[in-house]
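Subject: Structure handover

Hi,

Here is the structure you are taking over. My notes follow below it.

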Number of protein chains: 2
Amino acid sequence: MDANVTREVYLDYQSSKPVDPRVLDAMHPYFSIKFGNPSSLHLVGDEATKVLEDSREKVAAFIGANQKEIIFTSGATESNNLALIGYAMRNKRKGNHIIISEVEHISIFNITKYLERNGFEVTRVPVDQYARVSPKKLESRITDRTILVSIGYASNEVGTIQPMEEICDVIKRKGIAIHTDAVAAEGLLPLDVNEVPIDLMSISSNDIYGPKGLGVLYIRDGVSVVPTIIGGGQERGLRSGTENIPAVVGMAEATQICSAEMPEEAKRLSSFRDRLIKGVLNKIPKAYLNGHPTERLKNNAHFRFEGVEGESLLLSLKDRGISVSTGSACTSKTLEPSHTLIACGLLHEEAHGSLEFTFGRFNTESDIERVLDVLPGVLERLRGLSPLYEKELIQ
Amino acid sequence: MDANVTREVYLDYQSSKPVDPRVLDAMHPYFSIKFGNPSSLHLVGDEATKVLEDSREKVAAFIGANQKEIIFTSGATESNNLALIGYAMRNKRKGNHIIISEVEHISIFNITKYLERNGFEVTRVPVDQYARVSPKKLESRITDRTILVSIGYASNEVGTIQPMEEICDVIKRKGIAIHTDAVAAEGLLPLDVNEVPIDLMSISSNDIYGPKGLGVLYIRDGVSVVPTIIGGGQERGLRSGTENIPAVVGMAEATQICSAEMPEEAKRLSSFRDRLIKGVLNKIPKAYLNGHPTERLKNNAHFRFEGVEGESLLLSLKDRGISVSTGSACTSKTLEPSHTLIACGLLHEEAHGSLEFTFGRFNTESDIERVLDVLPGVLERLRGLSPLYEKELIQ
């Protein structure tokens with residue numbers, strides 16, 4: 001690590017994760033030595049085919065799936081495209097109605113807008129103040145034209161975990177397919193397609209400390225989609241393009257490490273989370289927790305601070321070497337308030353006064369203490385500069 | 001290298017290339033240390049944004065393009081999808097006719113079949129016996145509904161280089177857009193979009209010894225496409241998904257190495273090619289060169305051997321530690337004869353009796369000598385077993 005980065009406290013694991021050095025070690029031989037194309041018939045190609053299928057088996061085991069239900073893609077965004085566009089286009093004769101929630105990832109929003117321009121109707125079911133989808137409300141949106149429901153397993157912003165089993169109960173009873181973008185939850189919750197009868201699930205490699213540029217779409221046996229990337233017919237014709245073997249090996253290794261360490265790691269992360277939440281709410285006046293108080297990801301603490309802009313907070317913390325987020329990295333360069341916070345009922349200025357902390361494998365207790373040391377002073381200073389906050393104090 | 005691989009002579013560079021160790025060194029810090037998401041606003045994210053744009057500039061320079069004309073994708077197959085589907089869907093009001101050649105990569109064939117199912121008409125222009133497209137024949141296929149022509153820069157099978165400047169002359173005069181899949185040519189020929197006025201060009205990272213899982217679509221300024229992967233709006237909205245920074249850095253490094261070494265490397269590879277072609281045609285009776293005798297890639301030697309199956313040859317060479325190909329890796333696991341060879345006028349059995357050798361950066365003179373030592377004996381043995389070949393001798 002260069003000196004610059006060592007000094008930094010990184011609390012934005014939801015937007016990007018470092019590749020675990022053990023994962024990188026596993027990938028290493030496949031870049032320059034065992035570099036074959038699985039479609040080739042010679043020795044180098046045979047080896048690639050074997051490692052591709054071994055890796056697929058490991059990734060399948062991570063979510064309780066069969067090997068043939070795993071399609072490698074270039075990442076979660078592509079998996080979401082293949083799931084929604086692929087399923088909708090394949091099954092449009094059954095109906096043209098799709099249901100998502102108001103707190104989905106922007107890729108789901110934009111994919112469903114594309115589907116709307118192509119003859120589909122999309123309903124967004126609202127959420128409660130904690131960003132939770134109500135299975136009952138969801139059920140009330142179902143029509144006889146509904147073919148697909150897509151609900152993220154957990155919010156990548158406020159960390160709220162959805163009641164997926166109950167949601168599946170409602171959906172599956174009606175014979176409708178269910179997709180979940182499980183990226184925010186993976187590695188933090190056990191994801192088992194035998195216990196939660198999801199039909200289509202997007203996961204990403206980087207979100208379990210694997211390399212970027214690789215994702216998976218789990219497609220339950222019997223569920224049909226059309227491909228969104230067309231070509232040489234790799235991945236059972238559902239995702240063409242030469243397989244990215246080093247990345248596949250890396251993701252497989254990442255699943256192994258994750259499965260072995262998840263129970264311990266979950267304890268460690270939730271102690272950080274609880275320490276930060278308690279510390280912030282105790283030390284800082286007019287600070288509030290966004291998202292669900294208990295049904296939340298173990299690595300997520302998301303706050304709203306009255307009378308400050310989240311972006312000013314982020315930049316002040318940046319000056320002090322602390323990296324955090326004001327929300328989804330995928331939209332953080334826009335000036336729009338978080339759609340998730342708005343869906344939870346926050347006003348625009350409340351949404352803008354929010355800050356997200358997400359922890360991960362390489363954080364230590366001292367990172368949390370550092371935030372608790374620095375944050376109260378930063379807030380005091382910013383609030384001192386804010387005409388808005390002063391006005392509130394006077395009232 | 002493990003002992004098994006060291007002993008191997010790898011002559012199938014068209015199907016997969018090792019990552020150059022210098023490229024891997026350049027990528028290394030970006031996996032686990034500088035792992036930021038360019039969309040994040042903090043220090044780690046800023047660094048990622050900078051390296052993304054620096055890399056884009058290097059890749060742009062490699063083909064004489066502007067930075068903003070470079071869209072990173074997950075590979076050449078995706079680039080071809082974005083080029084053809086993206087351009088066709090964006091410009092369908094101008095017309096619905098697309099022209100390709102009979103010797104395109106299978107991804108182009110399958111993408112155009114998809115477009116045919118979606119209201120487009122596709123014409124395949126034939127080639128001569130050397131797999132060359134005639135600009136005149138191409139011109140004769142143009143109608144007032146033609147919006148796009150896609151011709152591969154060079155054949156990934158028989159190595160024939162297309163007369164791209166003349167083709168562009170014909171196409172551009174009519175105001176039609178031209179796409180080229182330049183994957184087979186990249187790193188072997190200078191590709192300069194100022195000299196050859198291509199509108200859309202697919203290149204891949206691995207084909208210049210960069211990592212797999214990354215490609216580029218060059219989109220000339222002023223040419224419009226719709227995205228094929230929808231989401232958070234990365235890559236100017238044309239290719240969503242978190243950017244794969246380590247791979248982007250790797251491809252940028254690969255372009256630098258390639259530019260610096262191409263002149264020397266071209267000489268080295270063409271000496272191998274000429275040695276192998278001369279040796280094979282001299283030593284082996286009834287052996288013929290497929291593809292163009294002079295307008296061919298410097299790393300490609302492609303032969304037809306009377307009276308044998310290419311697959312038997314491949315397997316016999318595999319037993320002797322020599323990796324070659326019977327054609328495109330992307331289709332080599334099917335039993336279909338190469339569509340390229342059929343388009344050149346070969347009979348099915350002639351196409352099946354063909355073998356492709358492609359050289360690269362890590363081959364040495366001794367690899368070529370090894371083939372010339374081994375191949376004549378292998379052919380003699382196989383022909384001895386072949387009732388077909390005996391019959392011919394008797395006649």
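First, a term: the bend at a residue is the angle between axes fitted to the seven residues ending there and the seven starting there. This is a predicted model, in which local features need pLDDT of at least 70, side-chain atom pairs count only at pLDDT 80 or more, and totals for chains, interfaces and linings use all residues. Residues are numbered from 1 along each chain as its sequence is written, while chains are lettered from A and ligands numbered from 1 in the order in which they are written.

**Confidence**
The predictor reports an ipTM of 0.93 and a pTM of 0.94 for the complex. Where pLDDT is low, the predicted coordinates should not be read in detail.

**Helix 13 of chain B**
Helices (H or I, at least four residues) and strands (E, at least two) are DSSP runs, numbered from the N terminus. Helix 13 of chain B kinks by about 30° at B:V374, shortly before the proline B:P376. Buried residues in helix 13 of chain B include B:V371, B:L375 and B:V378. Buried means 20 or more other C-beta atoms within 10 Å of the residue's own, exposed 12 or fewer, and partly exposed in between, with C-beta atoms placed from the backbone.

**Domains of chain A**
An automatic or database domain assignment gives domain 1 (3-17 + 262-394) and domain 2 (21-257). Their centres, taken over C-alpha atoms, are 29 Å apart. Contact (C-beta atoms, placed from the backbone, within 7 Å) links 26 residues of domain 1 of chain A with 25 of domain 2 of chain A.

**Chain interface**
Chain B puts 61 residues into the contact and chain A 63. On the chain B side, helix 6 of chain B gives the largest share, five residues. That side has 27 nonpolar, 27 polar and seven charged residues. Nonpolar covers Ala, Val, Leu, Ile, Met, Phe, Trp, Tyr, Cys and Pro; charged covers Asp, Glu, Lys and Arg; the others, Gly among them, are polar.

A:L43 sits in helix 4 (residues 43-62) of chain A. It counts as partly exposed because it has 19 C-beta neighbours inside 10 Å. Beyond its neighbours within four places in sequence, A:L43 contacts B:E8, B:K318 and B:S323.

Best wishes

How values were computed
Two residues are in contact if their C-beta atoms, placed from the backbone, lie within 7 Å.
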